[in-house]
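Reader: Please take a close look at the last part of this chain and at what it packs against. I would like the cut-offs behind each term, stated once.

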Amino acid sequence: MVALPSMAFAQKFGVINTETLMQNLPEMKEVQTQFEAASKKYEDEFQNLQGEFQKKYTEFQNMEETTPQTIKDRRIQELQELDQKIQQFRQTASQDLQRQQEQLLAPIQQKVRTAIQSVGAEGSFTMIFENMIPLYVGSDVIDVTPLVKTKLGVK
């Protein structure tokens with residue numbers, strides 16, 4: 001019973017800001033470049049679709065009043081189909097970009113996780129917490145961000 005209180009005080013806790021750490025990694029620049037290139041391609045295609053829609057809409061508005069109703073109805077249907085195509089493209093592009101970002105970040109996240117685990121084991125930490133919004137940090141909590149940066153070779 002006498003040893004139990006001393007064991008509770010032997011715990012060592014650390015905090016880390018992985019977001020800041022990851023932003024400092026050189027690999028993140030390549031990830032951002034690749035992601036921006038993919039985003040640009042989707043944005044260009046979206047602009048093409050929007051331009052096509054605008055062109056068809058302008059043509060529809062400029063139709064003469066004597067144009068038969070069946071032709072007008074067909075044009076309205078084309079506009080509706082094109083609008084649906086644009087909405088579907090937007091949704092698919094968003095999902096694809098999210099998936100690409102996750103795939104690009106996965107190896108970096110694993111590298112950071114491995115470095116944190118290594119620092120935790122080497123420093124005999126009981127736990128290392130994400131340091132996003134601490135309301136209170138006691139003097140016995142250690143910020144391990146510099147240790148992980150060193151482990152990753154980041155300045």
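Author: Helices and strands here are DSSP runs, H or I of at least four residues for helices and E of at least two for strands, numbered from the N terminus. The model is predicted, so local features need pLDDT of at least 70 and side-chain atom pairs count only at pLDDT 80 or more, while totals for chains, interfaces and linings use all residues. Residues are numbered from 1 along each chain as its sequence is written, and side-chain values use heavy atoms, with hydrogens and water left out.

Helix H5 covers residues 145-152, and its buried residues are Thr145, Val148, Lys149 and Leu152. These four span an arc of only 105 degrees around the axis, which puts them on the same side of H5. The arc is that of the directions from the helix axis to the C-beta atoms. In general, an α-helix has 3.6 residues a turn, so residues three or four places apart point the same way. Buried means a relative accessible area under 20%, exposed means over 50%, and partly exposed lies in between, with a 1.4 Å probe and protein chains only.

The partners of this buried set are S1, helix H2 (18-23), helix H4 (69-122) and S3. Thr145, which belongs to H5, counts as buried at 10% relative accessibility. Apart from neighbours within four places in sequence, Thr145 is in contact with Val15, Ile16 and Asn17. Contact means heavy atoms within 4.5 Å.

Asp143 lies in strand S3. With a relative accessible area of 40%, Asp143 is partly exposed. Val15 and Ile16 are its contacts, once neighbours within four places in sequence are set aside. The C-alpha atoms of Asp143 and Phe129 are 9.4 Å apart, although 14 residues separate the two along the chain.

The sheet to which S3 belongs is open and has three strands in the order S2-S1-S3, with parallel pairing. Strand S2 (127-130) and strand S3 (141-143) are its edge strands, each pairing on one side only. On average, neighbouring strands of this sheet are turned by 30 degrees against each other, direction ignored. The axes behind such angles are lines fitted to C-alpha atoms, for helices over the stretch in contact, and angles run from 0 to 180 degrees between N-to-C directions.

Strand S1 (residues 13-16) pairs with S2 in the parallel sense over four bridges, and S1 pairs with S3 in the parallel sense over three bridges. Two strands count as paired if DSSP finds at least two bridges between them. Gly14 stands opposite Ile128 in S2 and opposite Ile142 in S3.

Phe125 also touches this region. Phe125 sits in the loop between H4 and S2 and is buried, with a relative accessible area of 12%. Not counting residues up to four places away in sequence, Phe125 touches Lys12, Phe13, Gly14, Val119, Gly120, Ile142 and Val144. Phe125 and Thr66 are 59 residues apart in sequence and 82 Å apart in space, C-alpha to C-alpha. Ser124 is placed in the loop between H4 and S2 as well. Ser124 is exposed, with a relative accessible area of 55%, and has a positive phi of about 55 degrees although it is not a glycine.

Along its principal axes the C-alpha trace spans about 100 × 35 × 20 Å.

Buried residues make up 24% of the 155 residues. Of the contacts with a separation of 6 or more, 83% are between residues 24 or more positions apart. The chain exposes about 11300 Å², of which carbon and sulfur atoms supply 54%. Accessible areas come from the Shrake-Rupley method with a 1.4 Å probe, and for residues only the protein chains shown count as cover.
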